[in-house]
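Visitor: I would like to learn how to read the features of a protein model. Please take them one at a time.

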Amino acid sequence: MIKKLAFVILSCALVPVVGHSACSRANLTRCLDSACAVNISSNPAARCQYCGTADAGEPNDAGLRAVSVGTSAKYNISARDLKSAPTDPGERYVWASKKCISIVDGCTADDVSDVYDKLIEQSCTAAGISAQMAVLFENARKVKTESACKSEITACMVGEAKCTSKYSGCAEDADFDKYFSECSIASVGCDAYLSDIRSTLATARDRAIKNAEETLLAIVQSYRDARAKRLAAITKSCDDNSARDACITSVCNRSMPNKCDAAYPSEKSMATQLCKFYDIACSTLK
C-alpha cells in the first residue's frame, strides 16, 4: 500500500497545477470520491478497492452508480470519463488525481496525498476487517457432527504435548482448561457441542486420574503386605529357632567332613558358632 501510494504521489507530482487560488480540499475530496468511492454507502472498502490495492478484492460496481456528494456535480468526474478510468487501483488513483487537479482550482499532488491517502488507508482497514469476517462466516458454515467434533478434540487433548493418554498432563484444572481451549479453537465448526464434549473429557480425566491413584495405592499396599508377611515369618523363625537350626543343618551338610555326626561334636559346635548371627538378629526383634 505504501509503495503504491508513493508511486501515486510521484506520478501526480508531474501533473501541472491549474490556477493559483487556494485549494478547496472538500471539493478535491468530492472529486476523488466520484472515481474512488463508488457505492461507498454499501461498501466501506470501496476507496481501497478502487484506488488502493488489488489485494482488497474486486469492487461491486454494478451500474457504476455515482457517489452522493450532497452538492452539484460541478466537482465530479463525469460519467463519460469514468467509463475510460483504469481498473488497476494504483493507475486509477493517478488518473483520478490528474482529473481532479484539473477540475478543482489551486490543488496540487501534495493536496491529493494529504486529503486522500488517509481515507484510502481507512478503507483498506475496513477491507481487511471485511475479509476476516468473511473467513469467520465461512468457518461458521462448516459445522461438523458432534461425533466428529468429539473425536477431533479428544485426539487433540490426549496428545503427548497436552494431557497424554493417561491425562497425567491435565491433573490440574488450569492445565485441562488451557488445553481444552486450544483444542476447541483449532476445531472449527464445533461450537454447539463444546460444553458436552468438555464435560465428557473432564469425566474421563477424573476417572483416569482416580484409576492411576488407585493402582499406585494397590502397588504400595502389596509391598506393605509382602513386608509384613516376611517380618511375621522371621519373627516366627526366631521364636522357635527354626531359622538358626536350618542354618546349622545347612553348614553341617555343606562344610563339615563328617556332617556333624554325634561322634564329632566339635563340628556341631563350629556350625553353631557360624550361625550365631541368627541369635543376634533375632534379639533385635524382641
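**Reading the model**

Guide: At 48% relative accessibility, Leu231 counts as partly exposed, because buried means under 20% relative accessible area, exposed over 50%, and partly exposed in between (1.4 Å probe, protein chains only). This is a predicted model, in which local features need pLDDT of at least 70, side-chain atom pairs count only at pLDDT 80 or more, and totals for chains, interfaces and linings use all residues. Residues are numbered from 1 along each chain as its sequence is written, and side-chain values use heavy atoms, with hydrogens and water left out.

Visitor: How many helices and strands does the secondary structure come to?

Guide: Helices (H or I, at least four residues) and strands (E, at least two) are DSSP runs, numbered from the N terminus. Here the chain has 12 helices and 0 strands. Leu231 belongs to helix α9, residues 194–239.

Visitor: What share of the 286 residues in the chain is buried?

Guide: Buried residues account for 33% of them.

Visitor: Which residues of the largest nonpolar core touch the most other members?

Guide: In soluble globular proteins, nonpolar side chains tend to be buried together. A nonpolar core is a set of buried Ala, Val, Leu, Ile, Met, Phe, Trp, Tyr and Cys residues joined through side-chain atoms within 4.5 Å. The largest one has 29 residues, and those touching the most other members are Leu28, Leu32, Ala35, Ile77, Trp95, Ala96 and Tyr116. At least two residues of this core come from each of α2 (25–36), α3 (46–51), α5 (89–103) and α6 (109–141). The most come from α6, with 6 residues. A second, separate core has 15 residues, including Cys163, Phe176, Tyr179 and Ile197.

Visitor: How many aromatic pairs are there?

Guide: Rings of Phe, Tyr and Trp (its six-membered ring) pair if their centres lie within 6.5 Å; planes under 30 degrees apart count as stacked, over 60 as edge-to-face and the rest as tilted. The count is 3 aromatic pairs. In one of them, Tyr93 and Tyr116 have ring centres 6.0 Å apart and planes at 50 degrees, so the pair is tilted. Tyr93 is in helix α5 and Tyr116 in helix α6, so the pair ties together parts that are 23 residues apart in sequence.

Visitor: Are Tyr93 and Tyr116 buried or exposed?

Guide: Both are buried. Another tilted pair is Phe277 with Tyr278, at 4.4 Å centre to centre and 35 degrees between the planes. Phe277 is partly exposed at 46% relative accessible area, and Tyr278 is partly exposed at 27%.
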